[in-house]
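Biologist: I have a model open here and would like to go through its labels with you. Could you tell me what stands behind each one?

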2 protein chains.
Amino acid sequence: MAEQTAKMKRPTIKDIARESGYSKTAVSFAFNDPSRISEKACKQILETAERLRYIPDPMARNFSLRRHLSIGFLLPQEICYSLQNPYAQQVLLGIGSVCEKYGYTLTLIPPLNESVNEAVRNAAVDGLITMGMQVGMEIVSVMKTRLLPYVTLDGTPDEEMPSVNINDERASYELMKTVLDSGHRKLCIISLGQDIFAEKATKKSLPQRRMEGFRNALSEVGIRLEDVPVLVSEPTLADGKQKGKEILGFKEFPTCVVSMSDIVAIGCIVSWNEAGLSIPDDISIAGFDNIDEASCIMPHLTTVEQPAQEKGRLAAEALFKMINKETLQSVHIEIPYTLIIRGSVKDLTSEQS
Amino acid sequence: MAEQTAKMKRPTIKDIARESGYSKTAVSFAFNDPSRISEKACKQILETAERLRYIPDPMARNFSLRRHLSIGFLLPQEICYSLQNPYAQQVLLGIGSVCEKYGYTLTLIPPLNESVNEAVRNAAVDGLITMGMQVGMEIVSVMKTRLLPYVTLDGTPDEEMPSVNINDERASYELMKTVLDSGHRKLCIISLGQDIFAEKATKKSLPQRRMEGFRNALSEVGIRLEDVPVLVSEPTLADGKQKGKEILGFKEFPTCVVSMSDIVAIGCIVSWNEAGLSIPDDISIAGFDNIDEASCIMPHLTTVEQPAQEKGRLAAEALFKMINKETLQSVHIEIPYTLIIRGSVKDLTSEQS
DNA sequence: CAGTTATACTAAACCGGTTTTGTAGCACAG
DNA sequence: CTGTGCTACAAAACCGGTTTAGTATAACTG
C-alpha cells in the first residue's frame with residue numbers, strides 16, 4: 001500500500017532514492033536535469049516518485065537555491081486599509097501581471113506587529129516594491145542590510161532609492177492652474193496622510209512635492225499657500241467622507257476643494273450629496289489618480305490621470321532586472337500623466353456673479 | 001571596518017558565533033529564547049550581531065521550523081484578470097485582515113505556466129484559499145498530497161472540501177422571483193465562466209447552483225429554463241460590455257437581463273448607455289454581489305448582496321484553525337445574503353402596456 | 001562530603017533539497 | 001596496451017537556521 005494517509009509524513013527525496021535504488025543525486029537529476037542520468041534510471045525514479053506521490057518540497061528547493069520565487073508588495077498599513085484605494089489596487093494588478101510573466105508569486109506584506117521594519121526583516125521574498133518610501137528611513141537600511149533589491153512607487157527619488165513616478169510637482173501645478181483658471185479663489189486642499197515612516201526624510205515626500213506644485217500655481221495669482229486651509233486625509237473613502245463633512249463646517253466655505261486623491265474626493269462628494277449639496281454648483285472638487293470611479297460618479301471628476309497599472313508594471317520590471325542582476329545601479333523612471341478636465345469643477349468665469 | 005558592501009555576503013549565524021566567541025546554539029537562543037543563556041552572553045551576542053548587521057535569514061528559519069508564515073490565495077487566472085472583479089478584491093481584503101492578525105503574509109498565486117496544478121505544487125505557503133474549486137479536481141489531490149490545508153470560496157461544498165458560501169440556489173431563486181414579480185417574461189441570463197478546472201466535477205458548481213435557483217423561480221410562472229437564452233461571461237467589466245453588445249443584437253430582445261455578477265451587469269449598462277439605451281426603460285438588469293459600484297452607477301443595481309469581505313475573513317479564520325490543528329475535520333460555513341432591490345429593474349405591472 | 005540538580009554552554013544532528021567532488025567502467029586515440 | 005575522456009552514478013558537503021543530546025562547572029541536598 002503506497003497510499004498516503006494523514007498521519008504519514010510526506011516522502012522526501014531520500015525515500016525516493018531508497019525505494020528506487022538510486023541516490024539522492026540521481027533523484028534530483030531526474031526532476032531537474034534528466035540528461036544527466038540514463039533513461040532507464042530516470043524512468044524508474046519518476047515511477048517511484050509517482051507511486052509514493054512525491055512532490056518536492058518547495059521550501060527546501062528554494063532554500064537550497066537561495067531564492068523565494070516571490071516578490072513582496074510592502075504595504076504601509078493593514079492590507080484592508082492600504083488596498084481599499086482603487087489606485088493601490090491598480091498598482092497591485094500591474095505588479096501582478098509582471099510576476100506571472102517571470103513565474104513568481106506576489107506576496108502582500110503588511111506591517112508585522114505594527115512595524116514595517118519587522119515585516120521587512122522577516123519577508124520571505126526576493127525583492128520588494130514599496131509605496132511612498134523616502135530615503136533615510138530605517139527600513140531602507142534593513143533592505144540594504146538584507147541585500148534585498150527594492151523599488152519604490154510614489155516615493156522620493158534618490159540615488160539609493162530606485163523609483164517610478166510621474167512628475168508630481170508639475171502635474172499638481174497644472175491641476176491647480178486649471179482650478180484657478182476657472183475662477184476659483186477660495187480653496188481648500190486635502191493632502192495625503194503623513195508618510196507613516198517618514199522619520200527622518202531628507203528630501204521631499206510625495207505630498208510635499210504636490211504641495212510645491214500647488215504653491216507655484218497659487219503664487220501666480222497672488223495667493224500664498226499658507227493662506228489656504230489644508231486637511232490631511234488617508235486615501236480611503238471613509239476618511240474622504242469624514243473630510244467632506246469637516247469642510248461643511250468651515251466658516252469660510254471654499255468654492256473648490258483640491259484633493260491629492262480621487263478616492264478622497266469621491267468621499268467628499270458622497271458626504272456632500274448626503275448633505276443635500278449640488279456639485280459643482282454648490283462646491284467644486286478636483287482629484288488625483290483618475291481611478292475608474294472618477295468617471296462613474298456624477299459629476300465626473302476633474303483629475304490627473306496617472307497610469308497606475310503601468311506604474312506597477314514598470315516598478316516590477318525594474319525590480320526583476322535587479323533581481324536578475326541585469327541592472328546594478330539605481331533606476332529612475334518618470335512616466336507621463338494626463339490632466340483630465342470633466343464636470344466637477346465649475347467654471348466661474350463664464351457666469352455673471 | 002564592519003561596514004557591509006554590496007560584494008560581501010551577509011553574515012550568518014556562524015559568523016556571529018565565531019565573532020562573539022559563543023556557539024551557534026547560543027546565538028540562536030539569544031534571538032529566540034534569551035532565558036536559556038546568561039545575560040552577559042546574550043548581551044555580547046546581540047552586540048556582535050548589531051555590529052555585523054546580522055539579520056537572521058527568514059528562509060532558513062522558516063525551513064528549519066517547517067513553516068512559511070504565509071497563506072496563499074489561489075487565483076484561477078492571471079492576477080490582473082482575477083482581481084479585476086471588485087468582488088474578488090473584497091474577498092482579498094477580508095483574507096488579508098485575518099492574515100495580519102496571525103502575523104502572516106498573503107501570497108497571491110496565479111497559475112504557473114498556465115497550470116494551476118503547477119502553481120499549487122510549488123506554492124511556498126502554509127495553506128490555501130481557493131475560489132470556485134470543486135471536488136474531484138486534480139489540484140485537490142495535489143493539495144492533499146502536499147498535506148496543505150485549504151478552504152474554498154464559492155466552490156462545491158463536500159466532506160473533503162471545506163467551504164464558505166451563501167445559499168446560492170436560494171438567493172438566485174429570490175432574485176429571479178423579484179424579476180418575474182415585476183412582470184418580466186422575456187429574459188436573458190448571463191452565467192459565470194466555466195470553472196476553468198472543472199475537469200470532472202461531481203457535484204454542482206456555483207453557476208449550476210445559481211442556475212437551479214433560476215430554474216425553480218421560472219418554473220413557478222411556467223417558463224422552462226431551457227427556453228431562456230444564456231450567455232456565459234467572465235467576471236470582468238470588459239467581458240460584461242461585450243455581452244451587453246451581444247444582447248443588443250438579439251432578435252428577441254429581452255425586457256430584463258439577469259446576471260450572476262454585478263461587474264458583468266455594469267459592463268452591460270455601460271455598453272447599453274453607449275448605444276443610447278435608457279435603463280431601465282429600454283431594458284432592465286439585475287446583478288449579483290452588490291459591489292460598491294452597484295450603488296454608484298445609474299440606475300443603482302438590483303442585486304443580491306453577499307458580504308465578500310466577511311467571506312474572505314471566515315475562510316481565512318477557518319484555514320488558520322486548520323493550520324494550527326485546532327480543527328481537523330472539514331468546515332462548512334453558510335453566511336446570510338440580502339436581496340437588494342433598487343432601480344435597475346423596471347416594474348412592468350404598475351403600467352398599462 | 002557524596003550525590004543530585006541546575007545552569008550555561010557546545011557539538012552534532014536535522015530540515016530536504018542542490019551541487020561539488022569523486023569514482024568506477026567503458027570507448028577511443030595514440 | 002596505456003592514457004584520456006566520457007558516461008552514469010554515489011558520497012558528501014552545503015544552504016543557515018533550530019533542536020536534541022551531551023558536558024563541565026557550580027550550587028544545592030541529605
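Modeller: Gladly! Let's start where two strands face each other: A:Leu108 stands opposite B:Leu106 in strand 2 of chain B. The model is predicted, so local features need pLDDT of at least 70 and side-chain atom pairs pLDDT 80 or more, while totals for chains, interfaces and linings use all residues. Residues are numbered from 1 along each chain as its sequence is written, and chains are lettered from A and ligands numbered from 1 in the order in which they are written.

Biologist: How many residues of chain B are in contact with chain A?

Modeller: 39 residues of chain B are in contact with 39 residues of chain A, where contact requires C-beta atoms, placed from the backbone, within 7 Å. Helix 6 (86-101) of chain B is among the elements that give two or more residues to that side, and its six residues are the largest share. By class, the side has 20 nonpolar, twelve polar and seven charged residues. Ala, Val, Leu, Ile, Met, Phe, Trp, Tyr, Cys and Pro count as nonpolar, Asp, Glu, Lys and Arg as charged, and the others, Gly among them, as polar.

Biologist: Why is B:Lys203 called partly exposed?

Modeller: A residue is buried if 20 or more other C-beta atoms lie within 10 Å of its own, exposed if 12 or fewer, and partly exposed in between. B:Lys203 has 14, so it is partly exposed. This lysine, B:Lys203, sits in the loop between strand 6 and helix 10 (206-220) of chain B. Leaving aside residues up to four places away in sequence, B:Lys203 touches B:Gln134, B:Val135, B:Thr156 and B:Asp158.

Biologist: How do you know that the length of helix 11 of chain B is close to the expected one?

Modeller: The expected span is 1.5 Å times one less than the number of residues. Helix 11 (residues 237-248) of chain B has twelve residues and reaches 17 Å from first C-alpha to last, close to the expected 16 Å. Its buried residues include B:Leu237, B:Gly240 and B:Ile247, and their cover includes strand 7 (230-233) and helix 12 (262-274) of chain B.

Biologist: Which way do the residues of strand 3 of chain A point?

Modeller: A:Leu128 and A:Thr130 point one way, A:Ile129 and A:Met131 the other, and all are buried. In a regular strand the side chains alternate between the two faces of the sheet. Strand 3 of chain A pairs in the parallel sense with strand 1 (residues 70-74) of chain A over three bridges and with strand 4 (residues 150-153) of chain A over four. A:Ile129 is the bridge partner of A:Phe73 and of A:Val151.

Biologist: Which residues come nearest to DNA strand C?

Modeller: Of the 24 residues around DNA strand C, A:Ile13, A:Ser28, A:Ala60, B:Ser23 and B:Ser38 do. A residue is near if its C-beta atom, placed from the backbone, lies within 6 Å.

How values were computed. Pairing = 2+ DSSP bridges. Contact = placed C-beta atoms within 7 Å.
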